Amino acid sequence: MIRLASAGGALAVVLSVASLSAACNSDESEGGATVSTATATVEGEPVSALPAVFEDLDPCALLTAEEARDATGATDLGAPKRIVAPGQTGSMAACSWRLPEDLGVQLSFMAPPTLPSADQDKAWTDEIGHPAKVLAMSGACHVYVWYSGDRMANLKIYLPESQRASSLDNDMCDRSKPLIDQVFARIPWK
């Protein structure tokens with residue numbers, strides 16, 4: 001879901017998209033139809049719609065279906081959905097793979113970032129290798145990572161209700177560390 005909210009006269013893009021899939025880079029169809037590959041089906045926009053600022057990096061290609069399911073404990077998250085929003089105030093590319101009951105994984109790329117990079121965690125920055133902010137909030141682990149080219153990646157991991165930490169406890173993010181490390185190790189940007 002993309003929500004545009006006015007903030008001091010400027011538009012801020014707030015993204016809520018979900019999850020990831022495997023190898024989403026062939027057999028594209030036009031105009032937002034389902035895209036099939038040898039290993040995955042991705043609904044939504046074709047890879048060719050990705051904004052140039054993201055250097056053709058498809059967020060749906062950063063995790064396999066099995067990795068997304070393992071991270072959440074879900075038996076089936078369904079096909080991921082690629083969402084693309086090039087705009088005058090910024091661009092966004094995302095892969096959403098999430099069940100209606102707030103269970104899943106989501107990844108989005110934004111340019112420009114929706115948060116300032118000055119607000120980062122040293123331990124997570126060292127872990128990921130780029131300026132990063134990680135926190136548990138609203139039933140999910142939120143990971144914000146800043147890259148050159150005025151870009152930011154936002155990973156959200158929604159665990160089952162029984163495994164969620166409180167909004168003030170980052171234990172949920174600590175438990176999600178293997179997935180966080182996998183995703184950000186696969187992003188080739190500087």
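View 1. Lys122 counts as exposed at 61% relative accessibility, where exposed means over 50% relative accessible area, buried under 20% and partly exposed in between, with a 1.4 Å probe and protein chains only. Asp126, at 52% relative accessibility, is likewise exposed, and the two residues form a salt bridge whose closest N and O atoms are 2.9 Å apart; the term denotes a side-chain nitrogen of Lys or Arg within 4 Å of a carboxyl oxygen of Asp or Glu. Both lie in helix α2 (residues 122–128), four residues apart, about one turn of the helix; helices (H or I, at least four residues) and strands (E, at least two) are DSSP runs numbered from the N terminus.

This is a predicted model, in which local features need pLDDT of at least 70 and side-chain atom pairs count only at pLDDT 80 or more, while totals for chains, interfaces and linings use all residues. Residues are numbered from 1 along each chain as its sequence is written, and side-chain values use heavy atoms, leaving out hydrogens and water.

**View 2. The salt bridge between Glu55 and Arg151.** The closest N and O atoms of Glu55 and Arg151 are 2.8 Å apart. Because Glu55 lies in the loop between β4 (41–44) and α1 (65–72) and Arg151 in strand β10, the pair ties together parts that are 96 residues apart in sequence. Arg151 is buried, with a relative accessible area of 4%.

View 3. Asn154 belongs to strand β10 (residues 151–158) and, at 4% relative accessibility, counts as buried.
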